[in-house]
Protein chains: 2
Amino acid sequence: MNSLAEENYLKALFTLSNDKGEVNVNELSKRLEIKMPTVTSMMKKLSAKNLVHYESYKPLRLTEKGKMEAAAILRKHRLTEMFLVEKMGFGWEEVHVIAEQVEHIQSPEFFEKMDELLGFPKLDPHGSPIPDKSGNIVWKEFSKLSECKAGDIIKLSAVSNTSSEFLKFLNSRELSLGIKVKIKSVEPFDKSMVVSYGKRTSETLSLTVCEKLLVEKV
Amino acid sequence: MNSLAEENYLKALFTLSNDKGEVNVNELSKRLEIKMPTVTSMMKKLSAKNLVHYESYKPLRLTEKGKMEAAAILRKHRLTEMFLVEKMGFGWEEVHVIAEQVEHIQSPEFFEKMDELLGFPKLDPHGSPIPDKSGNIVWKEFSKLSECKAGDIIKLSAVSNTSSEFLKFLNSRELSLGIKVKIKSVEPFDKSMVVSYGKRTSETLSLTVCEKLLVEKV
DNA sequence: ATACAAAGTTAGATTAGACTAACAAATTTA
DNA sequence: TAAATTTGTTAGTCTAATCTAACTTTGTAT
């Protein structure tokens, strides 16, 4: 069995690898807010447990076993987020911090039950895919809103940041997953966008925001 | 904030004090399956945090602050058990081990939500009282089945042991909370009881079992 | 009342997971 | 390519929570 600390390293390594392919010690250190020497020593430990391929000065890679275990944790995290929103009435901006704790619970039955009660969801409340029991993840092809152009009509499908600050901002603008958004214009100077959706016919979104909104063409 | 280990000591001390009034190091050590010197040193630490009154060679007592914090953990444990049974479809024999983990989650909102969804229950699935938000516990007056006599008709109201082995045994005999039971006879030799309830007109229950069944006269 | 057993404490070791300081390797820049 | 910067490792320290061994105090029983 892996410790809580080990689980956090595995999950961080897994999510960073998915964004970036390779991960180095420095990046992992920053993500976890743990100093590099500590990360190095944990990598040696996880390497001894066959969860990480570790060689001095080389980028870090999860082993197949490491990927499976990391995916299992991510699965628990995302099922929990979905359960909190769908079955307990939490807002999508509240669930991340709670799920960070619940994901470490050791009880396959607990998460099985969530999965069943939710009807075996494929996505979490932020539009991220929930790994299946074998650790497979079905990635949907999303683009960043920031990469779209004036005139495009798109559907808001996922967010790439789940901080409560960002999600509260989206709430305040009535931006939620599934809504259709039309890009009215793109400001060349700062890449901010003027968009229209629902009852809001002219909202301005900064580049910082647009980069975190994942969309599908419609 | 208290660590996971500290929380476990507080909860154990609290539940032992409720049964017995006073608790000594040896009892706490046995309950937690942690050696006495470790318990002693933790008591000093909790004493420094004003959670326990500790003096060498004297029995252990929680401070008011310690009682509050312990009751809060017990509240989270029992709300969780109730939620698992009522909202997630678990059997009463499955929930204790899961709740042992969930009780440590730091999120008042999470347990508030459970409480609301459950309609502010007063008892958990084993008939134990759920402490209120101020840490008060309303104890109902139960007797042990083993202290009843032939001819008594009683209602099964709680169990004083929540191990899955015991609860599975009760399941196998169709014994659940709320049922009416008639005591047909008590065997003088071993204090076993022959009882009748539901469709079962002649079940024998050992003293060991009868001592763990808490009942109300009807 | 003394001796024995049980309970409790002290001292010191161990492990996991974090840190800082100092050094080494790799990469970037002038 | 040499110097400077960034990245990574080694060595050693610290804290929390556990343990064992040895000793002390308290309570019990002859």
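**Entry 1: surface near DNA strand C**

I looked up which elements line DNA strand C in this predicted model. α1 (4-20) and α3 (36-48) of chain A, with α2 (25-32) and α3 (36-48) of chain B, each supply at least two residues of the surface near DNA strand C. I took helices as DSSP runs of H or I with at least four residues, and strands as E runs of at least two, numbered from the N terminus. I counted a residue as near a strand if one of its heavy atoms lies within 4 Å of it.

I found 20 residues around DNA strand C, the closest being A:S3, A:K45, B:N26, B:K44 and B:Y54. By class they divide into 11 nonpolar, six polar and three charged. Here Ala, Val, Leu, Ile, Met, Phe, Trp, Tyr, Cys and Pro are nonpolar, Asp, Glu, Lys and Arg are charged, and the others, Gly among them, are polar.

Which part of DNA strand C lies within 4 Å of the protein, sugar or phosphate, or bases? Sugar or phosphate accounts for 75% of those atoms, and bases for the rest.

I then listed distances to phosphate oxygens of DNA strand C. The side chain of B:K44 places an N or O atom 2.3 Å from one. A polar backbone atom of A:K35 is 3.0 Å from one. For B:Y57, a backbone N or O atom lies at 3.2 Å.

**Entry 2: surface near DNA strand D**

I repeated the search on DNA strand D. It has 21 residues around it, and A:N26, A:K44, A:Y54, B:S3 and B:K45 are the closest. The contributing helices, with at least two residues each, are α2 (25-32) and α3 of chain A and α1 (4-20) and α3 of chain B. α3(B) gives the largest share, five residues. The classes are 11 nonpolar, seven polar and three charged.

Of the DNA strand D atoms within 4 Å of the protein, 73% are sugar or phosphate. A polar side-chain atom of B:T38 sits 3.0 Å from a phosphate oxygen. A polar backbone atom of A:Y57 is 3.2 Å from a phosphate oxygen. The side chain of B:Y57 has an N or O atom 3.4 Å from a sugar or linking oxygen.

**Entry 3: chain B against chain A**

I found 18 residues of chain B in contact (heavy atoms within 4.5 Å) with 18 residues of chain A. How much area is buried between the two chains? It is about 1500 Å², with 74% from carbon and sulfur atoms. Buried area is the accessible area (1.4 Å probe) that two parts lose on being put together, summed over both.

I counted zero salt bridges between chain B and chain A. A salt bridge needs a side-chain nitrogen of Lys or Arg within 4 Å of a carboxyl oxygen of Asp or Glu. On the side of chain B that touches chain A, α4 (64-86), α5 (95-102) and α6 (108-117) of chain B each supply at least two residues. α6(B) has the largest share, five residues. That side has 10 nonpolar, five polar and three charged residues.

**Entry 4: salt bridges overall**

I searched the whole structure and got 30 salt bridges over all chains. One pairs B:K67 with B:E64, the closest N and O atoms being 3.2 Å apart. Why can these two pair up within one helix? They are three residues apart in helix α4 of chain B, so about one helical turn separates them.

**Entry 5: conventions**

I number residues from 1 along each chain as its sequence is written, and letter chains from A and number ligands from 1 in the order written. In this predicted model local features need pLDDT of at least 70 and side-chain atom pairs pLDDT 80 or more, while totals for chains, interfaces and linings use all residues; side-chain values use heavy atoms, without hydrogens and water.

Terms used. Polar contact = N/O pair within 3.5 Å; in protein donor to acceptor, adjacent residues only side chain to side chain.
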